[in-house]
Amino acid sequence: MKRDTINYAVVGGFVVAMGIGFVILMFAVTGRSGPTESYFVHYDNVSGLKFGTGVFYEGYRIGQIENIIPEASEEGMRYRVELGIAAGWKIPADSVARVQSSGLISAVTIQIVEGQADEFLKPGASIDGRGQADIFAVLNQAADDFRRQLLAAK
């Protein structure tokens, strides 16, 4: 009977250790490994962006999207995207946050392109944002322009 108790204790300890290891792994994978500071970017279109989308600075992951807030304006609907960026990260004031995708079926990310300014943005500041060009919309527009030129030539 004593041997059964030892076996149960070993198996229970193993299960608890694996559970703790799983939780630590999930924190490491999600990129939430330390304190963050909020910065904001405004976009006209947030297709493909959601909570947890990676934010990269010249290719190095520095944070993720924390929130997307729709805001109505005179020009139409715009979206205020809150970025959670690693605390203490220096972003030059003239940097640009671009929505990028490395391929047709790859995940959309936000890439911050480093500016040349000597001044740095303070947490809570707004970063200049540039949306992603939709390749299918561009191809559709080019085909439509081509069709119109053909009809005009006749």
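The questions and answers below concern strands, core, salt bridges and surface in a predicted model.

Q: In which sense do strands β1 and β4 pair, and over how many bridges?
A: Strand β1 covers residues 36-43 and strand β4 covers residues 76-86. Phe40 stands opposite Glu82 in β4. The sense of the β1 and β4 pairing is antiparallel, and the count is eight bridges.

Q: Which residue in β4 is the bridge partner of Gly63?
A: Strand β3, residues 60-73, pairs with β4 in the antiparallel sense over 10 bridges. A hairpin through two residues joins β3 to β4. Within β4, the partner of Gly63 is Ile85.

Q: Where is Glu58 found, and what is its phi?
A: Most residues other than glycine have a negative phi. Glu58 is not a glycine, yet its phi is positive. Glu58 is found in the loop between β2 (54-57) and β3. Its phi is about 50 degrees.

Q: Is Glu58 buried, partly exposed or exposed?
A: The relative accessibility of Glu58 is 47%.

Q: Which residues is Ile110 in contact with, leaving aside neighbours within four places in sequence?
A: Ile110 is one of the residues that touch the most other members of the largest nonpolar core. Tyr43, Leu49 and Leu83 are also among those residues, and each of these three is in contact with Ile110.

Q: How many residues apart in sequence are the parts tied together by the pair Asp44 and Arg78?
A: The side chains of Asp44 and Arg78 meet in a salt bridge, at 3.2 Å from N to O. Asp44 lies in the loop between β1 and β2 and Arg78 in strand β4, so the pair ties together parts whose separation in sequence is 34 residues.

Q: Which of the two, Asp44 or Arg78, is exposed and which is partly exposed?
A: Over 50% relative accessible area means exposed. Asp44 has 55%, so it is exposed. Arg78 has 28% relative accessibility and therefore counts as partly exposed.

Q: How far apart are the closest N and O atoms of Asp128 and Arg130?
A: Asp128 is partly exposed, at 40% relative accessible area. Arg130 also counts as partly exposed, at 36%. Asp128 forms a salt bridge with Arg130, and the distance between the closest N and O atoms is 2.8 Å.

Q: Which residues do salt bridges that share partners join into one network?
A: Arg148 forms a salt bridge with Asp144, with the closest N and O atoms 3.3 Å apart. Both lie in helix α2 (residues 135-153), four residues apart, about one turn of the helix. The network formed through shared partners consists of Asp144, Arg147 and Arg148.

Q: How far apart in space are Tyr8 and Leu49, C-alpha to C-alpha?
A: Tyr8 lies in helix α1 (residues 2-30) and is exposed, with a relative accessible area of 65%. Leu49 is among the residues that touch the most other members of the largest nonpolar core. Tyr8 and Leu49 are 41 residues apart in sequence, and their separation in space is 47 Å.

Q: Is Leu121 buried or exposed, and which residues is it in contact with?
A: Leu121 is found in the loop between β6 and β7 (128-130). Its relative accessible area is 15%, so Leu121 is buried. Leaving aside neighbours within four places in sequence, its contacts are Tyr39, Ile91, Pro92, Ala93, Ser126 and Ile127.

Q: Which residues make a nonpolar surface patch of about 600 Å²?
A: One of them is Val29, which is found in helix α1. Val29 counts as exposed, at 58% relative accessibility. The residues of the patch are Phe22, Val23, Leu25, Met26, Phe27 and Val29.

How values were computed. Residues are numbered from 1 along each chain as its sequence is written. This is a predicted model: local features need pLDDT of at least 70, side-chain atom pairs count only at pLDDT 80 or more; totals for chains, interfaces and linings use all residues. Side-chain values use heavy atoms; hydrogens and water are left out. Two strands pair if DSSP finds at least two bridges between them. Buried means under 20% relative accessible area, exposed over 50%, partly exposed in between (1.4 Å probe, protein chains only). A nonpolar core is a set of buried Ala, Val, Leu, Ile, Met, Phe, Trp, Tyr and Cys residues joined through side-chain atoms within 4.5 Å. Contact means heavy atoms within 4.5 Å. A salt bridge is a side-chain nitrogen of Lys or Arg within 4 Å of a carboxyl oxygen of Asp or Glu. Patches are made of residues with over 30% relative accessible area and no salt bridge: like charges are joined within 9 Å, nonpolar side chains (Val, Leu, Ile, Met, Phe, Trp, Tyr) within 5 Å. Accessible areas come from the Shrake-Rupley method with a 1.4 Å probe; for residues, only the protein chains shown count as cover.
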